[in-house]
Amino acid sequence: MASLLESYPDLLDTVRFDARGLVPAIVQDIRTRRVLMLAYMNRESLQKTLETGRCWFYSRSRQALWEKGATSGHYQRVRHIELDCDGDTLLCLVEPEGPACHTGSASCFDRQPEDLRRDEQPAHHSAALAAILDDLVRIIHERNLQRPEGSHTTRLFNAGMGKIAKKVGEEGVEVALASVSESDERLAEEVADLIYYLLVLLEARSLSLDAVAAVLQRRALKRTQKEKRD
C-alpha cells in the first residue's frame, strides 16, 4: 500500500489554510461513515499525518501539536483524505482504534439538543479544565517515558506502584481533612494534588482517563434510564 505522502504529493500545497494557518479537519469512520470528531490541523500536523498515517492535529488552546491516541491508545489510522470544493476543509477517513471522544463515546457527535443542559458554572470553566487535564496527562505520560532527572513525577514512577498508591491514599486523607477544617482555597489545592496523583496512578497502570469517562458515561446512562422508568 502506498504511503499517504505518495498518495497525496500535492496536498500540503493545495490546502487553503486560514489566516491563523489552520484548516478544519472532519474525521469520519471509513467503515461506518459515522462522523467522529472535528479538529484543526496546521501545515506541520498535516505533514505528520501524511508521514505517520495517523491523525495529528493542532490544539488552539495549547498552541501545540497533538496526536490522537498518544495518551489513550485510541489512534486513528488514516486511509483516505478528501478536500472540499473550496480547498479549506479536510475530510479524513480513518479506521479508529477506540472511541474518538474524551468521554469514551465512539463519536463526539452523540448528544441530542435536549441533552445540552447548561451547568451552573459558565461553560468555559469546563472547557478550561478539560484542556488543563489533557495537558497534565500528556506531561505525566512524557515523564513516564523519558524519566528526566530531578522530576517529582519521575521519582514516583521509579519508586513503583506501592509509593504511588501510598501518595494517593495520603492525599485522599488530606482532602477529607481539608473539607472539614480548612478554607475553600486550601480544599481546592488539596483536590488538585489528589487529581495529579490519581493521574500518575492511571499512567502507571497504563489506564487512560477515557476508561474512567466510559464508566461515568455508563452510570449516567443507567441513571437516565432509571429516571425515565420512574
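**Close-up views of a predicted model**

Figure 1. D13, with a relative accessibility of 64%, counts as exposed. Side chains of opposite charge can pair when their charged atoms come close.

**Figure 2. The whole chain, as a setting for the other views.** The chain has 230 residues, and 33% of them count as buried. Its secondary structure comes to eight helices and six strands, and these elements follow one another from the N terminus in the order α-α-β-β-α-β-β-β-β-α-α-α-α-α. Taken along the principal axes, the box filled by the C-alpha atoms is roughly 60 × 55 × 35 Å.

Figure 3. The side chains of R62 and D135 meet in a salt bridge of 3.8 Å, given from N to O. R62 lies in the loop between β3 (56–59) and β4 (64–67), whereas D135 lies in helix α4, so this pair ties together parts of the chain that are 73 residues apart in sequence. D135 has a relative accessibility of 22% and therefore counts as partly exposed.

**Figure 4. The salt bridge between E97 and R77.** The side chains of E97 and R77 meet at 2.7 Å, N to O, in a salt bridge. This pair links distant parts of the chain, for E97 is in the loop between β6 (90–96) and α4, while R77 is in strand β5 (residues 76–83), 20 residues apart. Both residues are partly exposed: E97 has a relative accessible area of 35%, and R77 has one of 25%. Elsewhere, salt bridges that share partners join R62, D134, D135, R138 and E142 into one network.

**Figure 5. Two residues of strand β2, V35 and A39.** V35 lies in strand β2, which runs over residues 35–41, and A39 lies in strand β2 as well. With a relative accessibility of 34%, V35 counts as partly exposed, whereas A39, with a relative accessible area of 7%, is buried. Together with L38 and F109, V35 makes a nonpolar surface patch of about 270 Å². The C-alpha atom of A39 is separated by 7.7 Å from that of Y58, although A39 and Y58 are 19 residues apart along the chain.

**Figure 6. The second largest pocket and its lining.** The volume of the second largest pocket is about 220 Å³. Its lining is made by 14 residues, and among these T71, E203, S206, L207 and S208 lie nearest the centre of the pocket. Two elements, α4 (123–146) and α7 (184–204), each give two or more residues to the lining. Sorted by class, the lining of this pocket has seven nonpolar, six polar and one charged residues.

Conventions:
Residues are numbered from 1 along each chain as its sequence is written. This is a predicted model: local features need pLDDT of at least 70, side-chain atom pairs count only at pLDDT 80 or more; totals for chains, interfaces and linings use all residues. Side-chain values use heavy atoms; hydrogens and water are left out. Patches are made of residues with over 30% relative accessible area and no salt bridge: like charges are joined within 9 Å, nonpolar side chains (Val, Leu, Ile, Met, Phe, Trp, Tyr) within 5 Å. Accessible areas come from the Shrake-Rupley method with a 1.4 Å probe; for residues, only the protein chains shown count as cover. A salt bridge is a side-chain nitrogen of Lys or Arg within 4 Å of a carboxyl oxygen of Asp or Glu. Helices (H or I, at least four residues) and strands (E, at least two) are DSSP runs, numbered from the N terminus. Buried means under 20% relative accessible area, exposed over 50%, partly exposed in between (1.4 Å probe, protein chains only). On a 1 Å grid over the protein atoms alone, a cavity is a set of points where a 1.4 Å probe fits but cannot get out, and a pocket is an open set with protein on both sides within 12 Å along at least five of seven lines; lining residues have an atom within 4 Å of a point. Grid points are joined across faces, edges and corners, and a volume is the space filled by probe spheres set on the points. Ala, Val, Leu, Ile, Met, Phe, Trp, Tyr, Cys and Pro count as nonpolar, Asp, Glu, Lys and Arg as charged, and the others, Gly among them, as polar.
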